[in-house]
Amino acid sequence: MAFTALSVRLMFNGLMLLFAHAQQSYPQASVSDAAFLRIVPSRLQLFEYESVSFTCEGFDVSAGCKVRNAKEIIPKCSNHTATSTQTCTIGYAFVSDSGGYWCEGEGGEKSNTVNITVTAGSVILESPVLPVMEGDTVTLQCRNKMTSSNLMVDFYKDGLQIGNSSTGNLTIESVFKSDDGLYKCSISRAGESPESRLAVRGKLNREEGGGVLMESPAHPVTEGDAVTLHCRKQETSSNLNADFYKDGHLIRNSSAGDMIIHGVSKSDEGFYKCSIPGAGQSPESWLTVRAYDQQEIHFSRHYKLLLWIIISVVLVVQMLVIGLLYWKKQLVAKMNNPSKDLHDVVKKDRKSAHLLK
């Protein structure tokens, strides 16, 4: 009975571990305008083994706040209650640390997400961490891990070469929405950097009804995620009837001012905007959809398989231990009462002799 109870407890603990692992999927929490994530160094690409710090601002850190990604919570953090900030640090970043990071409060409030890429290569591209506004001047810098000397660099946007530089810098004067895209750089005999997105947001234009804003993810989303777009007037947060557009085509109307895309796919990627009757329309925003990481799926399956193997081994070991303890108990009992064994033998011999007669 004790063994059965122990087995049930172990199986229950295993199921709870699997359930907890499943709950580590990408959270759907509300994004707070006051909450903000800042990273140091202020760039989206890192060399492997570099240190990176994430600072949460605008949270009630005394009530609880954490920095996390889609897989785990960063454990090494320090709170600064007086300034309502919390800083979490990854001392040595590995390639596996690449991905989106955000701050999350106990009440479900969530900051912007910053997507970093950690590379084992020798070249990175320094680009703005946050989306830039149309009309801003943007400078991209290509860095070689081995040297700080100026080298001839080629720059690419969406896989096509757009220029080169002998200083390692590319400056885009007065960016437009058309400059939004994936950028990378390459250095001869050193290699090329990973890609990072330069996000360009349209400026608010009141002559075109610019009192309307559309709240959308400032970071790439993953296929299968649920994405919410919220349309509102700049001077009020009240829910109003809104039309939503993708690439210039009307796709939905909402009386609550919200549009939810359940299970986004690559076909949902594009420029989105919204309009409110009598108030105008919002600037366009680009929604980036990334393919689901098959490597992460395989890791998850392997993790679960390994977990079940561990549980099975523990159960077998428990059975062996309990069996050995039971055998030892019987052996000790016999050693403590040898006369009983002799009595049983004599009784058995007498019974056999009686049967022979």
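The side chains of Asp180 and Arg197 form a salt bridge with an N to O distance of 2.5 Å; a salt bridge is here a side-chain nitrogen of Lys or Arg within 4 Å of a carboxyl oxygen of Asp or Glu. This pair connects distant parts of the chain, 17 residues apart: Asp180 belongs to the loop between strand S14 (169–172) and S15, and Arg197 to strand S17 (residues 196–198). Helices (H or I, at least four residues) and strands (E, at least two) are DSSP runs, numbered from the N terminus. Asp180 counts as buried because its relative accessibility is 9%, and Arg197 counts as buried at 17%. Buried denotes under 20% relative accessible area, exposed over 50%, and partly exposed the range in between (1.4 Å probe, protein chains only).

The model is predicted: local features need pLDDT of at least 70, side-chain atom pairs count only at pLDDT 80 or more, and totals for chains, interfaces and linings use all residues. Residues are numbered from 1 along each chain as its sequence is written, and side-chain values use heavy atoms, with hydrogens and water left out.

**Further salt bridges**

The whole structure contains 11 salt bridges. One of them joins Asp158 to Lys157, with 3.1 Å from N to O. Asp158 is partly exposed, with a relative accessible area of 44%, whereas Lys157 counts as buried at 18% relative accessibility. Another is formed by Glu50 and Arg43, whose closest N and O atoms are 2.8 Å apart. Arg43 counts as buried, its relative accessibility being 7%. Both residues also belong to a network of salt bridges that links Arg43, Glu50, Glu126 and Arg143.

S9 pairs with strand S11 (residues 138–144) in the antiparallel sense over 4 bridges, where two strands pair if DSSP finds at least two bridges between them.

**Disulfides**

A disulfide is a covalent bond between the sulfur atoms of two cysteines. With the criterion of a pair of cysteine sulfur atoms within 2.5 Å, the structure holds 3 disulfides. Their S to S distances are listed below.

| Disulfide | S to S distance |
|---|---|
| Cys56 and Cys103 | 2.1 Å |
| Cys142 and Cys185 | 2.0 Å |
| Cys231 and Cys274 | 2.1 Å |

The bond of Cys56 to Cys103 has an S to S distance of 2.1 Å. The pair links distant parts of the chain, 47 residues apart, with Cys56 in strand S3 (residues 52–57) and Cys103 in strand S7 (residues 99–105). The torsion about the S-S bond of Cys56 and Cys103 is -95°, and the link is left-handed. Both Cys56 and Cys103 are buried.

The link of Cys142 and Cys185 is right-handed, with 80° about the S-S bond. Cys142 is buried with a relative accessible area of 8%, and Cys185 is buried with 0%.

The disulfide of Cys231 and Cys274 is right-handed because the torsion about its S-S bond is about 80°. Cys231 in strand S21 (residues 227–233) and Cys274 in strand S25 (residues 270–276) are 43 residues apart, and the pair links distant parts of the chain. Both Cys231 and Cys274 are buried.

**The sheet that includes S21**

Strand S21 also takes part in an open sheet of 3 strands with the order S19-S21-S24 and antiparallel pairing. Strand S19 (212–215) and strand S24 (258–261) stand at the edges and have a single partner strand each, so one side of each is left without a neighbour in the sheet. Neighbouring strands of this sheet are turned by 15° against each other on average, direction ignored; axes are lines fitted to C-alpha atoms, for helices over the stretch in contact, and angles run from 0 to 180 degrees between N-to-C directions. S21 and S24 pair over 4 bridges in the antiparallel sense, and the bridge partner of Val227 in S24 is Ile261.
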